[in-house]
Structure formats: C-alpha cells, structure tokens
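Welcome! Open your viewer, switch to a cartoon view, and let's walk through this model together, one selection at a time.

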Amino acid sequence: MASNKKYWKSVEELNENSSIVDTLKKNEFVEELPTDEFLGDKESLDNSSTTRRDFLKYVGFTTAAASLAACEGPVKKAIPYVVKPNELIPGVADYYATAIADGHDFANVLVKVREGRPIKIEPNKDASGETNARVQASVLSLYDGLRLKGPKGKDGYISWNEVDAEVGEKIAAAKASGKQIAFLSSSDASPSTANLVASLGEVNHVVYDAVSESGAVDAYETMYGTRALPSYDFSKAEVIVSVGADFLGDWQGGGYEGGYAKGRVPKNGKMSHHIQFESNLTLTGANADKRIKVKPSEQYLAMTKLYQAVVNGISTREAGPLQDAVQNAVSKIKAAGSKAVVVSGVNDKHIQLLALAINNAIQSSAMDVTITNNTKKGNDTAVAQLIADMNAGKVGVLLINNANPVYTLPNSKEFVDGLAKVDASVAFTMADNETANVVDFALATPHYLESWGMVEMKKGQYSLMQPTIQPLFDTRQVQDSLLKWSGSTQSYYENLKETFATLGASTSWNQALHDGSFALEVTETASVVEGFDLNTELKSAKKPNVGELELQLYTKTGLGDGQQANNPWLQELPDPITRTTWDNYLTVSKADADALGLENVYVADGAMNGDYVELKSGNVSVKVPVLVQPGQAEGSVGLALGYGRTTGMKSEMQTGVNAYPLYNDFNTTQTGVTITKVSGTHKFACTQLHNTMMGRGDIIKETTLGVFNTATDPEVYNPVPKVSLKHQEVDATTVDLWDEFDRSVGHHFNLSIDLNSCTGCGACVIACHAENNVPVVGKAEVRKSRDMHWLRIDRYYSSDMTEEYAHDNNVGGKEKYQKMEEPSANPTVAFQPIMCQHCNHAPCETVCPVAATSHGRQGQNHMAYNRCVGTRYCANNCPYKVRRFNWFDYSNNSEFDFNMNDDLGKMVLNPDVTVRSRGVMEKCSMCIQMTQATILKAKKEGRPVGDNEFEVACSNACSTGAMVFGDINNENSDIYKLKNDKRSYHLLEHIGTQPNVVYQVKVRNTEA
Amino acid sequence: MKSVKQQSLTARLAFSSIAFLFFFTLNLSAQGDAANGKKLFNTNCAACHKLDKDLVGPKLGGITDVREDAWLKAWIKDNAALQATDADAKEAAKYSPTAMTAFPFLTDENIDDILAYTSAPPPPPPVVATGGDVVVAEADNTLLYILIAIVFVLLLMVVNLYRTVSELRDDAPKRKTTGDQANAIWAAFKANKFLHFLLTIFFLLSTAYIVFSWFMQVGVDEGYQPIQPIEFSHKIHAGDNKIDCQYCHASAKHSKTSGIPSANVCMNCHMNISEVSEGTAIGNHGKEVLDKEIQKLYDAIGWDKDKLQYIEGYEKKPIEWVRVHNLPDFAYFNHSQHVTVAGVKCQECHGPVEEMDEVYQHAPLTMGWCIDCHRDTEVDMTENGYYEKIHEQLAGKYGVEKVTEAQMGGMECGKCHY
C-alpha cells in the first residue's frame, strides 16, 4: 500500500484557516517591490528641488557616460611565478590528504588545492573519511580575516623571540618554585603532541572538551581500564536503541552516519530497526523508526529499565507509555541478540556504564571495545580540579591549547578569577577569541590546513596532517613552541618524522603522507577489568532531579561547539530540523507553548516571528526567542550551545545567545529550569515555508518494510501517477507533450537520492557552496526568502492521520486537521534534498525569452548567466522551486560583508565557476565543471570514462551514500542500477517534466 | 642564429653532434676559412667564450698571438691530456673551476678555421630592422565605400536625366548659366518625392549600419597590442630560434591556462645568454636597449651575470606582463582540450606569433568566432580511446563517419558558460 500521508513543513500548514499558507502557495515572489524605500515619503518628494525632467537628464547623461567609459577595457596583468614549483601546473588542482582534529570534529580529508590555496574539502574515502557540514566548511575558516595574526602579549603584538624568552623564564620559575605547570587542551587524539607536552617536564595535562563526553570516557575507564571510548559500527546492528544519543550529530566525536546508513537500506528484505528515546527532536530521532519522547530526566529511568529488563530479566509492572516503549525495545533487543546495540548520550558515568553493560551482556557485535575511539578524552573532574588549583594559587604557568574556556566554561567567571592568580597564562589559539583577550600571551597557531600533525582517531589507525598552504599569518604550531621550550632544536616536522619512524609502520613516510593514513596492528584486546562490579558502581549513582520543566542542551549541525562561529557558510546553513538559519532558540513543545501563551507567527512573506522568554536555571538567566518544535517532549525545552560569541567575530556573525553558562556540571540535561514570557518579538530567518511546492503532491513517497517485502508489484508502494488521456486513466510517464530527444549517444547524467539513507546532515549543502561559489546573503535576506542555496534539504513532518484514513472513516476536514494536530506532537520526519531536477522537458527552458537556459544532450539544464536578463519567468515556471535570483551583487559589496567581500575570504572561490552578478538567475548546474573535467581527463588519457568516475560536489560529500551520480548510458554504473530500481521515482511525475534526478522511496521499518 | 651569441649546453651538444656528422660526410672546410670558423665557433665555443670579453672561459680574440698553434690544437682536442704533460696547460686550467669540454671530433682544419675567425672576425652584418611593421587588422569599410559610390552615381544619373529631358522638351534654352542649372536641379530635387524617400531610407540604413558596427566592436580587442614591461620578441624566440611554443607555455597541454612562463624557465637559456648579438634589433631598438631588457629578467630573479650565479637572499620580483588575450570570466576556455585532445596548432587562434615582435591579439575572440570553428571542425575519433564507443554508436545510428564539434554538443551554452 502506498503511503498517502499528509506532509507538512510547518505547524502553520495544519491550521486550516491560515491565510499565510494559502498566500504563500499562490504567491511565488512573496516580496512586494520595496517602492517605499526608493521613493521615500511623499513630503520629501514634493520638496525636492530635482524635477522629473532633471532627473531624466541625469539618468540619460550618467547612462551615456557609463556606457562610453565601459567601452575601454581595463588593462589586465598576467603575473607568473618567479620560480614555479615543479609539482604545480597553473589551472590544475592538486589534492593532498590530511586530517582535521579541531577538538570537536575529526575526519580524514582530501584537500583540493588550486595554485597553492585550498579551496575545497573532500572526504578521504580511502581512509574511511566522512565529512560533516563543519568539516566541509572548515576551509573557509582558514581564510577568516579576524584570526589572530601573530603572537600577542598584554600590550599588543610581540615577536616570537620575546615570547620564547618570557615564557621560558616563567616555566623555569614555576619549576623552581614547585608550582604546577598545567596544559589545558581540547581532545586532539594526537599521541605525538602528548609526548611533547610531557617533554616540558612535570606537566599537568588536562583534557577539556567544550561539549563533554567525560561520562562515557569515565565509564569505559572504569569498566575496561583505559581512558577511551568504544567504537561502534551501526552497519552491524539490526536493532539500535539510543537513549538521548544524537549519533548522527556530534555524539562521541561523530562519524557514525556512514555505518548507520548502510544498515538502513533494505537488503534481502532486511534493514535495521532504530528506536530513539529523546527530548529534543534531533537528527537521529528524525531518522528513527520509533521515536519516544521522554523528558531529559526520564532518560535515566529508561536506561535503568532497559538494563534491568535486558540483563537481569526484571520488568517493572507499572504501566505507561514509557514502560510500553521500553518493553518493546527490550523484546527487539532480545530477538536480535548480539546484533543489537544500546547507546546513550547522557553525560553521566552511570548511565554510560549501563549502556556498556547491556552491550557487554548481549555481546553486541556493533560495539568494539578493542579498537577504541580516541577522539574525545575530556575529563570533567580534572578540569574542575584545575580551576580549584588556579584559584588556590597553585598554578605557576597555564598553557591553554585550542580551547576557549572563558567562553565555553559554565563557570567561566571562576576561571577568569583563577587566571589572575596564575603567574603566566598562555593561550595557543587560532582565533582572537574571549580567552585570547584575557591571557598574558595569546600565541597564534596555524589552521589545520597549514599544519603538520599526527592523529590517532581510533586505536592503531593513524592519520597524518600536512600543510596545504604557506602560513597566512605569523603563526607557530603549539608543538613547535613546546619543542622550543623544552630545549629542543628540532622542528615539529622533524620530530614527527622521528615519531613515525619509531612507530614501525609497514609503509614509508612518503606513502603514509600521500595516503593520509596508516595503520598499526592492534594485538592486545580489551576486556572487562577484574573486580569490576556494576552494582557497587551504581550505588554511588545519584538519582536525577525531576523538574517540572527541564532543559536539554544540544549542539547544532551548523555551529557545533561554536569554534567556527565566524564562518558565514555555517551560520547560513539551515538547521536540518527547524530549517532556521543564523540563530539559536529555545525549542518548546506545542503543548507547553500553548500553556504559556507562546507562539510563532508567520508573516506574509513566509518569515517567522517568535516570542521571547526568559530562561532561568539556578542563578543564570538568558533571554531567548521561542521556536515551537513538533516532537519536543512536553515538559522539556531545548537550547543549542555554540552561539552568542562576540569576541573576534564580524558583527553579522554575532548571533544567538550563549547557552554555556547554563551547562552546569557539563550536563546537557538541566532539571529545574523556569521560563517566563517577556516582551518583544524575535525575527527568525527560517526557510521552512520558503519555496513550497505550491501544494502539489507526489513529493515524498514512503512505505513500510512489511509492505515493501511482501509487495510483488512496485505499483503498491511506488505507484506511477495517473493522468487522463482521451478520458482514459493512463500512466503519466506514457504521455508526453514534447518530442523525445535521443540521448543514447555519449553521456546522460542522472543523480539518485535515496531517502532511506539520507540523514539530512547538510554536508552536501556546504560542499555545493564551496564548489559553486554560492554567496552568503545574510540573515535579513534569508528572512526575505532570498537565500541562494542551490541545494536545500527539505524536511517534511507527517503523521498517521492520512487523507485516505480520513476519507475511509468519513473524517471531516476540520476534524482531520485537528487530529493531525495531535501527532504533530511527535511526527515522523523525512528529509529530501532538492536541487535543480534537470528536467529533460524543462518548464523553465520554454519560458525564457532570451534562451538563457537551455538543455544539453548530457541531460544537464544549462544556465548562461551572461545571457540572462532577469525576467524570472523561469523561476516562476519551475515546479520544484530551485532557481535563485541574484537580487544584489554579493561580491565586493560592503552591504554583504561576508567572505566574498574581503580579499582573504575570496581565496576560497572556485576559479572554474563564474561569480554571478546582480540580476541573473542561477541554480544547480549538476556541477557541469566537474563532469566536463572528468571527460577531459579521460580524453587526455585516451580512454573511456570509468564506470563510476563521474562525481558532483554533493554526491562526493555524502558520507551515507544516499547521493549517487553517474552516466545512465553506461550499464555498468551504479546509477544505471539505481535509476531502474523498483524504489526509484521522480518528483511530481504527473507533470511530465522527466527529471534527471531520481529519488528512492523511503522505507520505514515499522509495523504499520 | 643571428640574435644569439652563446648557447645553452644542451643546444651546443646537439649542434656539435650535427657538426660532427657534417664534417665527416662533406669535407667542405677550407684552410683558415673565417666564415666557416664563425659557424664552428658559434656551435661549439660560444657557450663559454666570447671574442672580446671573458665569460666562463677567457676571451678568444687574438688568442693566436698568445698561444702557439700546435698547443691550441692539442688543448682544444683534449685539454685534460695536455694538462698532464704540459705545465702551461695546467696553469691555463686554473682560469675557471669549470673544466673545459674536450672536442676530439674537431679536425685540425676545423680548428684552423676557428682560429682564423678569432684572429680576424668578419664584419658584423648590417643592422636589420625586424619590427615595426606589425599588421594591425583594420575595420572592413568596403561596403560603406561601395554604398557611397552607388549614391554618387545615382545622383549623377538623376542630374543628367533631368538635363536631357528638359533639353528634349525644348521648354528650356539649350544652354543655361551654371547658376540657373543648379537652381533648376534643386527645384526638381525638391519636387521629387520619390527621391526624398530613397534618400531617407538610405540614411536610415547607413546610420543603423554604423551604429550596429560600432556596438559590435565594443569589447572586441582584435589587434590589441599592449606595451609589455620587457621588450620581449616572440619573433626572435619562436621564429628565429625556433623554440617550441610549449617549451615556455608548458601548461597549455595540461591545463586550462597556457601559462606565462615563470622567470626560472627563461633562465634555462638566459643563464648563458646575457646579451643579444650584434645587429639584433626590434624596431629601432638595437643591442644597447635590448641588453637592458635581458637585465630586467635578471633583476626579477636575482641573477648576477658577471659571477654567473644567483644572488643569495635576493628578494625576487615577479614580472607583471600585460595580458593580451582576455576572455571574460563567464566564458570557460580550456587550452588542454584544444591543444592536447584536438591537436589544434597554437597559431590557429593566436596567429603568426613567430613573426610578431610584440604580441597582438590576432583573433577577435568573440563567441561567433568560437562557434564558427566548432561548426566546421571535424572531431578526429580514430586516435582517442575516449571516442571509441561514441564513434561506434554514431556510426551505427546515422551511418556517419565524421562528426563536427557542434554535432558532439560543442555548441551547447553550458559547455563554456558555467
């Protein structure tokens, strides 16, 4: 049975009487022309001394003068290298393998370098690299003009020699006086750096993660003896039970979406079943088959019950939705046995111990305790102890590496007070941030793309970092400083090579550097330490407080822990769930919002406004805007960390509120918070009502695994839409207004998007920005629905109240929508990346008066910017709403002070793609520069193009394999198989546009 | 070879082997032939020796006055052997740390010729102006001239007809004064509405033509010949010395840009060529000016031409050439596609660069010009493995053996505009 659910993007659409939704459906360009802006008020017009005729004269003269001036072309210079490096050919990109390990994100990446400057990050698939949106965007952070440009003392910039002399003196003094030398560093998973820290002498090395996973690390240490995290391979799990673990987000260093997605595509009638207990609607919860809303404090309860039932076989008799859900999960886990896995995101040692114990008891094959995950090693107790030591005056020298405790610590004030009692404080930092401003020495460090390094993300699996550009500023790596201060004359590069040699890898240094990674054999296996007794451990467990209202803190896909907050790409990336840009906000459930009289109001142009509340926790209170979030657990509110930074940031980038002061005890769940409505209206830049498909159906197709497995005819779950031809219902695909063009010769490109494996992570969106020079437009413009994203990921909510159900059971319109109101409390979610569909019979092409958009025989819909006169007819006629209009020049325009307005930021631009100017349409080109480059490469080498050689930016960035690109004229390619898969369908097939983007029906592993 | 006095080692070796063959096949040398000696000198010796100046080796002008003939022959043929037995030779070898190459293949006659040349070099050839006659394409005004001529003829015919008609009617005296005649023509002209109509049409059309042609040349820089920071002559390099285009513009075969050679590429030759030969000139700039131009290269990269080494710690300055061929940003052009895949000769778009002293834009670089070529050019599908399948399909489908670039999709907007 095909699903006939009602889908909606915003709660507003469920409101039958909403005039806004109707207006938006009918009105393509929601913006009125801002005539008031340029005509001003009548009074000043009347008093103006310029008459209409004068005005016309001026216009005439200036136009004539401008056109005359334009006739003389400018003299352009061609400046070659003086001495050209041998490995470099101007105009040809080089790729270097390196790794990012910034304390929050860890990944093996390939860096595309053009003429000595990195312009794009790609996953290093040979080293199982997976990139998220932040890793993709990190290349722009390299060109951040507000980075610290050199070593700084209290009185401004100083030289490295002065730094070495002064800090060296302080270290010696601290050693002499017996005071502590502390090294406070974010997790860097770098064994070589740890060795260098140790070489300074007796150093208290404290690992501090802004968003802590300390509970999980402590739990592993207690149970298995070393400080690390187990690694998980979700592709091996048939049942995944997560209690508050956002493992498709930033949970335990991230990088789990690839394995997860593998298990989510039905193969031989099987796919994994995913149960999620959580309060906020996270990316992970949105992808779950069964999502159970629980208050943050109930996560403790849920995990305890799970443990008791699975391991001890005890089930409490009390009835209730939570109990039922746990029972259901337990039966699923028991049925799957070792093919189940339980994970938790609560930063509490005991909860984490329970999860480990369950996995240990069922011998979960998805959890690997031997090949540990080393990316997060933060130690909350040690951090607290350090702050106490600082305040007690025990610390002589404090070295802070790649951390911003003044901003991220909940007890930041204590830390700052403590700093005053430290003899010398040194911060190694890339950004000129809050911490850099209060320490004695702020030492500029290079970006990871300018650095050497060695990272051991998983046990025995090493990655090498290498510079891909000359340092932009007067920076020095922390490792070089440590070497110098420990009296060594080595450079870190030499030291690294030496370290590599001692590791005894089977590959050479050059080979390892080329590959970006190397592996060492891990011989010892981890096992539960002798004398470990869970029950003794649990005795010290604190029962969580249950509050009337509880706060669940989280990190957003865009900003993460906030260290890349000055990156406009990430600020403008719509949150996958709320579709909101440039903001953090308090997510509140519909029920709670109604009770407190909080609401979101949609104004005529699709923009959203929200009420403000004052959020109080302990003695901290912040004023935040409210966003009513379907799926939010009643009695809970959610707020994202990482926003509200003000130091070292462009003014446009200073968005949101800082939630770190609320992050008490490094616990993401805060009980006992209160909210009160305060005055004011917040203007969100939320894209969820933008670019709607005008109320047309056929957008999302989904079914259940049961139906999918039993159906003999795909028509059951993937019906071809019918149209009426000569009063006969026929398949829409058989009717055609146009003559068919022969596309069997040469290449014919298609892109397949699997709705099952797309998790909505947004990496493709940023990859598209980087590849195609997509401009950032800023909050005000996004609010006006003028975002320029060529690729958007639509998020649809749906409920079980279907149109069909309503029809069959005679449910009236009003009642139907009211019923839908209820499931809007916990809707199911589907993500759908939408870009230009490259229709073979494109509606946009037929309406262009100047033939600026036309079709290529390789299937791509071309857009000639220089031909476009900006009538916008094409956007009007596009059923998929994927065309974007340049309302302004976004480059070299101080009104849009983002990366395209400064010389440094412009270095990230892809030289193979035009920077569009004002007044032209643009849209996804299916990365024609990449397909052309692939073809040219094959031609130059005199061979046919490989079976799966074609790639586009989004498919390349996709870690889950949801996006596959290729040539359907090549029958050996993956895309050929996907195009002819029984799950494949086109968007809005009934209108006969014959798109070259195919989608795969979403299959949910649910009973219904 | 006129503008080059000294040559790189590679070139010298190549030429010397050719010379070697030459002398064994056709023994044309004559005793003490200074002209032949000059040839031999330039081929074998000029990389390290000059007649009037010390270089790597000492100056050779009047060397016969200093050394004996036999000694010189022995030295030239194998100086190392001579050093073993002769104290003078040992002393002479101290001139430079670089040992002189042995020339065992030079016969005694050859050496006689060279020595004849060193003692009495022939006078330099007269200065030949090599530049200044650059052809700049002019706008095509033929049609305009034809139109004006037609109008003039028409006017004459009208006047003649009018006079003949009035004479035949006899309503006017046979011959009138010139003033009367003019008045009459004017009156008739005023009366003739059809003529007015014709003239109006003519003026409108010609105005439209002029305006249109003016607009069509906006941004078309055919013939653009900017002054470059160094008076570099492609004629001397690519024409006279026959250096391959892609020796300097090496990225043309790999990349979208052909690449302006970096200064270190220039130095491959100019390490040994620090001055032009006597008589070299570009326009009215002779040796004096041109030697300074070579010095500009040394100033950029930091080369000490007297010590023949790079200056240590020199702050290098890039040479800011003026770009001649400017394609707008919205047009994508890839050199390697044309040079490597299609095998298009550089000259097809860039014109006779080997004849240009100062490079000018040969082609209009308009879209029409691109398209014209794409329309006509047939794609050679036989040599390239990429086209195998496509060729098979096309041949099977249409029975065609040859397809043009346009038929391959080379005229689609998106192939160049993205």
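Here is the tour, stop by stop.

This is a predicted model, in which local features need pLDDT of at least 70 and side-chain atom pairs count only at pLDDT 80 or more, while totals for chains, interfaces and linings use all residues. Residues are numbered from 1 along each chain as its sequence is written, and chains are lettered from A and ligands numbered from 1 in the order in which they are written.

**Stop 1: chain A as a whole.** Select chain A, which holds 33 helices and 44 strands. Helices (H or I, at least four residues) and strands (E, at least two) are DSSP runs, numbered from the N terminus. Along its principal axes, the C-alpha trace of chain A spans about 90 × 80 × 70 Å. A compact globule of 1008 residues would have a radius of gyration near 30 Å, and the 29 Å of chain A agrees with that. (The radius is taken over C-alpha atoms, and the globule rule is 2.2 Å times the number of residues to the power 0.38.)

**Stop 2: a sheet in chain A.** Now find the open sheet of 4 strands, ordered E41-E34-E43-E42, with mixed pairing. Two strands pair if DSSP finds at least two bridges between them. Which strands are at the edges? They are E41 (963-967) and E42 (984-985) of chain A, each pairing on one side only. Select E42(A) with E43 (residues 997-1000) of chain A: 2 bridges link this antiparallel pair. Ser984(A) has Gln1000(A) in E43(A) as its bridge partner.

**Stop 3: where the chains meet.** Show both chains: 48 residues of chain B are in contact with 41 residues of chain A (contact means C-beta atoms, placed from the backbone, within 7 Å). On the chain B side, H18(B) gives the most, with 6 residues. Zoom in on strand E2 (residues 77-78) of chain A, which runs antiparallel to E3(B) and is joined to it by 2 bridges. Here Ala78(A) stands opposite Trp321(B).

**Stop 4: two helices in chain B.** Finally, select H13 (residues 263-270) and H14 (residues 287-301) of chain B, which pack at an angle of about 125° with their axes 10 Å apart. Axes are lines fitted to C-alpha atoms, for helices over the stretch in contact, and angles run from 0 to 180 degrees between N-to-C directions. Among the residues making this contact are Met267(B) of H13(B) and Leu297(B) of H14(B).

Technical notes: Two residues are in contact if their C-beta atoms, placed from the backbone, lie within 7 Å.
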